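Please consult the sequence and the model shown here before reading the briefing that follows.

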Amino acid sequence: MPAQIASVTGTGIPLLLDDIDTDRIIPARYLRCVTFEGLGEHAFEDDRKQDPSHPFDNPKFQGASVLVAGRNFGCGSSREHAPQALIRWGIKAIVGESFAEIFFGNCTSNGVPLVTASAADLKQLAAAIEANPKAAVTVDLLQQQVRVGTVTVPCQMQAGAKQALVSGNWDFLGQLVDAAAEVKQTSGNIPYLNGYKV
Amino acid sequence: MSSQNLFNRVWDLHTVRTLPSGQTQLFIGLHLIHEVTSPQAFQMLRDRGLKVPYPQRTFATVDHIIPTLSQARPFQDDLAEQMMSAIEKNCREFGVTLLNLDDNRQGIVHVVGPEQGLTVPGMTIACGDSHTSTHGAFGSIAFGIGTSQVADVLASQTMALGRPKVRRILVNGKLAKGVYAKDVVLHIIRKLGVNGGVGYAYEYAGDVFSAMTMEERMTVCNMSIEGGARCGYINPDQTTVDYIKGRPFAPKSEEFERAAKWWLSLASGPDATFDDEVSIPAEEIQPTVTWGINPAQSVGVSEAIPAVDSFPAADQAGVREALAFMEFQENQPIQGTKINVAFIGSCTNGRISDLREAAKVAQGHKVASGVRALVVPGSQQVLAQAEKEGLHEIFKAAGFEWRAAGCSMCLAMNPDKLQGREICASSSNRNFKGRQGSPTGRTLLMSPAMVAAAAIKGAVTDIREFA
């Protein structure tokens with residue numbers, strides 16, 4: 001069983017932009033690969049080239065593991081290369097206003113909790129991190145809080161994914177394979193697998 | 001609960017069990033794979049010593065990295081060649097059918113599935129590609145997934161998923177001339193936003209979708225994900241049944257009759273309930289063009305780019321970012337915007353009917369000087385059909401390049417890319433920053449007919465006034 005993930009603690013990095021798509025997180029040219037190795041250095045590569053003040057290049061945020069994001073983070077392509085690039089850069093948890101669903105699932109499958117908070121609270125978190133980038137940020141799934149210094153804000157997480165992480169059941173592959181007999185039984189009732197004899 | 005809508009019927013039929021997390025273990029009837037998101041998944045199976053228990057339920061093709069000019073192997077791009085070798089080896093080793101380049105059934109995965117009759121109503125479908133929502137056009141429930149879930153489906157024929165809510169989007173009335181399926185879905189996304197569909201499956205219903213061909217329905221469902229909905233579908237009807245009949249993998253004779261009866265029985269009934277409903281009159285939909293960096297940032301072609309302060313306060317920073325990237329001004333008309341490149345193709349609009357519409361526009365005209373125009377069929381079957389109809393001659397005579405099947409410049413993982421700050425009129429699905437291969441390249445999404453018109457005029461043109 002993989003680790004139980006009830007909380008993540010590390011320094012923070014703010015990126016309060018909305019609708020950050022996975023093409024921006026990892027440009028498609030880096031999908032020409034057969035492993036996920038080495039993707040970390042290319043995270044946000046094109047955005048970083050066009051914005052010298054991009055947080056991912058800012059020395060004060062290096063080593064951060066909690067990303068504070070905006071609305072609809074991770075939209076677009078289903079490429080798991082996007083969370084893999086962020087993970088390999090060092091990200092272990094993301095707090096945002098909302099997340100695209102495929103990206104959310106990809107992160108959960110890799111043991112990265114994605115929690116949501118209000119836009120106002122995200123601004124407060126980002127300000128606290130800006131003011132003290134060395135401060136520890138804690139994403140606490142059980143207390144449903146994100147804490148940094150004296151700032152504590154409430155956060156939410158989709159129940160199923162939260163349960164999977166907290167109980168150490170986020171490696172779905174093993175669980176799914178274990179149910180082979182039930183899978184076979186279900187397939188026996190599906191018309192298109194049985195000559196449409198309903 | 002909305003027990004009589006198609007989504008819930010299909011979901012319940014495929015439910016294996018409830019997982020410890022509370023999510024559903026869902027049986028996947030058809031798994032489609034391609035060269036980009038599958039190699040790591042096969043490696044995950046190898047690492048754990050797992051096999052593919054239902055290899056006949058997975059089909060592979062190659063599309064994203066395929067060069068559309070010279071397809072001689074080995075490819076010039078070593079990395080692309082490695083990916084080709086990997087999918088060939090993986091399919092051989094795990095017993096999966098691969099529709100490779102030398103197979104005339106090869107093409108973009110979401111063009112190939114329906115074309116071959118693999119996609120049918122009532123199925124659950126998964127593919128490591130967000131545009132898997134395309135297959136919902138048949139009244140199947142189709143999800144884009146990441147690589148870990150590709151491994152899950154390969155190894156178990158199931159995946160873990162929370163049940164989404166279902167929103168019905170009604171578009172009643174009649175579309176005006178020059179308004180295509182692409183305009184309908186761009187308009188819906190403009191209205192509901194790029195994240196409006198998060199947590200929902202979309203059911204598209206009403207006169208407009210009932211009147212659409214299957215290819216038009218595929219265009220609509222394809223872009224569900226651009227509105228945040230992982231899955232979008234249209235209820236199966238006689239149009240669906242007629243499309244499937246006779247396709248290579250479709251059921252035959254008596255089995256087909258039984259199948260058709262079952263397919264039609266799945267449609268949401270008149271008493272079906274939904275978690276949410278939105279109604280959009282067909283008459284308000286115009287030929288639509290995007291002006292920004294996400295697919296909701298669009299206007300009718302005769303409109304101006306909206307003023308920043310016409311957006312809700314929370315959206316204004318994103319609007320400013322988009323205008324700065326595109327180098328457009330608020331209140332500027334979109335019509336007349338000069339283009340450098342025209343791209344007709346993709347899983348959204350690379351089917352035969354799309355090429356026919358574009359060819360009608362191109363016939364007897366010339367691509368404007370300085371504009372590079374590409375037509376890339378969505379599959380080898382589409383290419384062959386187009387050549388049979390002489391469409392390639394129309395395009396070539398007009399100055400369009402006629403290419404081999406693949407994803408091409410939709411995502412530019414292959415040699416087809418924008419250069420520098422080029423602006424591309426594109427029939428694809430995403431206008432994200434850098435999407436078409438140049439980090440600073442710019443994309444205007446529109447229907448294939450509008451792309452053809454833009455290629456000829458050298459600028460964004462209202463198809464209703466094109467002559």
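Among contacts in chain A between residues at least 6 apart in sequence, what percentage join residues at least 24 apart? The share is 70%, a contact being heavy atoms within 4.5 Å.

This is a predicted model, in which local features need pLDDT of at least 70, side-chain atom pairs count only at pLDDT 80 or more, and totals for chains, interfaces and linings use all residues. Residues are numbered from 1 along each chain as its sequence is written, chains are lettered from A and ligands numbered from 1 in the order in which they are written, and side-chain values use heavy atoms, with hydrogens and water left out.

**Chain A: fold and extent**
- Chain A has eight helices and seven strands, defined as DSSP runs (helices H or I, at least four residues; strands E, at least two) numbered from the N terminus.
- Along the principal axes, its C-alpha atoms fill a box of roughly 65 × 40 × 25 Å.

**Chain A: burial**
- Of the 198 residues in chain A, 63% are buried, meaning under 20% relative accessible area (1.4 Å probe, protein chains only).

**Largest pocket**
- The largest pocket holds about 680 Å³ of space, counted as the space filled by probe spheres set on the grid points, which are joined across faces, edges and corners.
- A pocket is an open set of points on a 1 Å grid over the protein atoms alone, where a 1.4 Å probe fits, with protein on both sides within 12 Å along at least five of seven lines; lining residues have an atom within 4 Å of a point.
- Its lining comprises 33 residues, and those nearest the centre are Glu101(A), Phe104(A), Gln158(A), Gly162(B) and Gly199(B).
- α4(A) contributes the most to this lining, with five residues.

Key. Buried < 20%, exposed > 50% of the residue type's maximum accessible area, 1.4 Å probe, protein only.
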